[in-house]
Structures are given as structure tokens and as C-alpha cells.
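Subject: Handover of a structure

Dear colleague,

Please find the structure below, together with its sequence.

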Amino acid sequence: MDYLEIQGGNRLHGTVTIDGAKNAALPLIAATILAQTPVTIDNLPRVNDIFTMLRLLENLGSTYTFEGNSATIDATTIDNTTAIYDIVRKMRASILTLGPLLARFGICKVSLPGGCAIGQRPIDLHLKALEMMGAEIEIKEGYVIATAPDGLKGATIVFDKITVTGTENIVMAAALAEGKTHIINAAKEPEVVQLCEIIRDAGIKIEGIGSDELVIHGSGGELIDIRHITVIPDRIEAGTYLCAGAITNSSITLEKVNHAHLVSIILKLQEMGYDFEIEKERITIKPASRIKPVRISTSEYPGFPTDMQAQFMALALIAEGTSTIEERLFENRFMHVSELNRMGAKITLNNHIATVEGNAELYGADVMATDLRASSALVLAGLIAKGTTRVHRIYHLDRGYVKLEKKLQKLGAKIERLKE
Ligand code: EPZ
């Protein structure tokens, strides 16, 4: 297994290019199941989750090519509607095939994704919504067996909790359903908006895109005309590099970003004392004269993203004072705390609230990555810790960050990927 070795203490400089958003690309790949023809997707990030999703579609009978950051997927040849455990267990976002497969074929079997390090990750809201649309759902031997013999029917669906992939699954199911589907309490993340725009551009009338209420006028079973997609920039990758500039108090520039997706992250960094130069698709972070502590409470978009919570916890360690971070979305998304404390941090937990002491003296250590975003937080801490930090189990990192160590090396960090 690989690990990252980081020598702390280097300031960063220069420019980093942001890749396409993994969490936008995953539902878009699943949406090719709804398409009349092969679909070309550009700006696809070359990260493991994307390869897993492409392999899953291939296992269902699709074919694809993936050159550089562009893939052409032909899902018209799908002849198998079982998403097997061996692939789904690697990536819970495989559940995004449930809605489109059921809508197109009227029957499918998708392995239950199971939980992950950050929490149970139930899919009850996905299943309840599909039942409202006329599906019959059975859970058997670890699989969701869904049938809709007369096809899915439009329905009014109120999500008890805002769910990103739940909203995406139902938008895709509703696209082929008979009649109108009204989703209340829908997720509004940029990746949900892009999925709705792609389906609208493919001929499906959708009202309320970008709001928490969507009305989708289904095709009644006809496949739709999706041909070409360019994935939006990854707001979490961008936020992570802004934190890399902030934690080393350097000036670095990010290219190919959409700063409209970064408002809550930029505002928090401005609150901490950092300054920015924002142009069209570029954003430069400037050092802070004083780094102030921060209060963070994660919430659904456009609030502060839970996927940036770990990175800001690392950053809060260098603030002049005590910060508090509340994790409101997941029940167990503080695994990075014990690892940061092993590097000399003083972070205490009380239920879902972390209290982070500032002015931390961090020392390099061997630390263990536990989930995708926690891994990046440990790398950020390693950039400023005295001595050498080794981050192990970085397969977590490789799921969602393109060449993280290469991009940081280019910015002047002393970091390399080694073999255990
Ligand atoms: C998406 O996960 C993202 N993944 C996650 O990013 C992100 O952390 C999360 O949204 C929240 O923003 C992808 O988009 C592939 P949810 P998702 O359904 O859709 C509860 C990363 O780092 N819930 O919005 O699985 C759930 O337990 C990953 O890239 C139910 O109770 O998250 C959680 O508490 C990590 N029942 C809350 O809702 C359900 O049926 C939000 O979950 C569904 C969700």
C-alpha cells in the first residue's frame, strides 16, 4: 500500500488546476442509463470512484472509453440489471444506479451499500420515495430488489431529511416516469443542479432547478437525448487547496474553479482573516496578518459543507484562539480528531461539537487516513508540522483527489508518495 511522506514547514506558491467534481460526475455517469445514445462526458476526474462507477456500468452491459478526462459511455447495450455487491461495497454512490435502472427496465437488484467510516449512510429515504412512485421494494440477502411492473408514476415526495444522492436518484427516476413528480425538501448542491440541467436539456421539463422544490415532467418511459456533458469544477477539491494556502499562510492561485460554488468556504476564510482576488475562473488566496478562530456548523448547500469540516479543523489549529466545529450531517465524522491530536493538536469532542485549541505546536507523526476528507486534513496538518508526517491508507484519498501529492509538489510542498 502507498503512503504520503510530508516534510512540514514549506510555504506554497504558484498555481493549481482544479479537476471536475467527483460528486457531480458520479450521478452524471449513472444518468447515461437514461440516454437514447452514447454520451460523452468531459472534465471527468481520474479518481478511483469514477473508475468504479464506469466498471459498474460495464458490469451491467455498457461499454465505455476513457481517454484523458473524457469518457464516452454507451449504456444502450445494458442487458443486466443487477449491481453486484463486490462493486457496490467499494463505493456507496453505486446506489445512484437504482433510480435510472428501475425507471428504464421496471426491475433491478442493487446491493445495499452498507455504511462507511463516517456513518450508517442509510438509503431509507431513497426507497420510500421510489415506493411513492409505485415501486415495490424488497430487501433480500443484502440486496434491494425493486420492481415497477407498470412503470414508475409521478408522485409528490417530501424528503424528511435533505439527501443529495436521494434527490439525484429520484430526479433520474422521475425523468422516465409517467406524469409529474414534485420533490419537496430537495437537495440544492451544484451537482444536483447540474444533473437537473442535463436532464432538462435532454428534453425533460423540470421546474425549480436550484431550489428545494423540483417538479419533473416524466417522459413516460421514453429514453432521453443526453449527448454531451462537461462536469462542473470540484468545489471540495478547490476548498481543500484554499485550506492548503491558508494553513501555510501562502498566496496561491486556483484555476478552473467556479467561485459561486465556494461562497460559504470563502466567507469562512475571510472571517479568519484571509483575503482573495477573484476573477472569472481563477481565485487567489492571500495570507492573513492575523488568523482568527472560527465557529463552524456544517449544513446542506449553500451552507458550510460537511465535506470541508475536516480540512477546516486542521486549519483552525493555527488560529490565534479556540474554534468550535459542529458536525450536523453525519454521526461519526470526527475520526481525524484522534489522528490530529497524535500530532500535538488539542481537540476535544462533546457529542457533535469539536473544540479546537489554536496556536498548536504540531509535530510530524505516522497517522492513519480513515475517510476521504479526513485524509486531506491530515495532509494539511503535515504541511505545517515540525518534522516528517506519514499519512497511511491513502487509498481513501485516491477515491476523490486527483494526484494530490503531485499538485502539492508543484505548489512547493515537500511531499512524496512511497510504498509501505
Ligand atoms: C453525498 O452523500 C456526498 N456523496 C457526500 O460526499 C457528502 O458528504 C453528502 O452528500 C452530504 O453533503 C456523493 O455525492 C457521492 P446524504 P449522500 O444522503 O448523498 C441521511 C465525499 O466526501 N440520510 O445527503 O450519501 C444521512 O445519513 C462524500 O465526497 C438518511 O437518513 O449524503 C446523512 O445523515 C462523503 N436516509 C444525511 O441524510 C437516506 O435515505 C445526508 O446524507 C439518505 C440520507
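A residue is called buried when its relative accessible area is under 20%, exposed when it is over 50%, and partly exposed in between, using a 1.4 Å probe and protein chains only. This is a predicted model, in which local features need pLDDT of at least 70 and side-chain atom pairs count only at pLDDT 80 or more, while totals for chains, interfaces and linings use all residues. Residues are numbered from 1 along each chain as its sequence is written, and side-chain values use heavy atoms, with hydrogens and water left out.

If a disulfide is taken as a pair of cysteine sulfur atoms within 2.5 Å, the count is zero.

Helices (H or I, at least four residues) and strands (E, at least two) are DSSP runs, numbered from the N terminus. Cys243 also takes part in the contact of helix H8 with helix H12. Two packed helices are described by the angle between their axes and the distance between the axes. Axes here are lines fitted to C-alpha atoms, for helices over the stretch in contact, and angles run from 0 to 180 degrees between N-to-C directions. The axes of H8 (residues 235-247) and H12 (residues 372-384) come within 9 Å and cross at roughly 20°. The two helices are therefore roughly parallel, a term for angles under 35 degrees.

Contact means heavy atoms within 4.5 Å. On the H8 side, Ile236, Thr240, Cys243, Ala244 and Ile247 take part, and they meet Arg373, Ser376, Leu380, Ala381, Leu383 and Ile384 of H12.

Helix H10 (residues 309-316) is mostly covered, with eight of its eight residues buried; among them are Phe312, Met313 and Leu315.

Some backbone features also deserve mention. Most residues other than glycine have a negative phi, and most peptide bonds are trans. Tyr301 and Pro302 are joined by a cis peptide bond, with omega about 10°; Pro302 lies in the loop between strand S18 (295-297) and H10. Asn185 has a positive phi of about 70° and sits in the loop between strand S11 (180-184) and helix H7 (190-201). Asn185 is partly exposed, at 23% relative accessible area. Asn249 has a positive phi near 50° and lies in the loop between H8 and strand S15 (251-255). Asn249 counts as buried, at 18% relative accessibility.

Yours sincerely

Technical notes. Angles under 35 degrees count as roughly parallel, over 145 as roughly antiparallel, 65 to 115 as roughly perpendicular and the rest as oblique.
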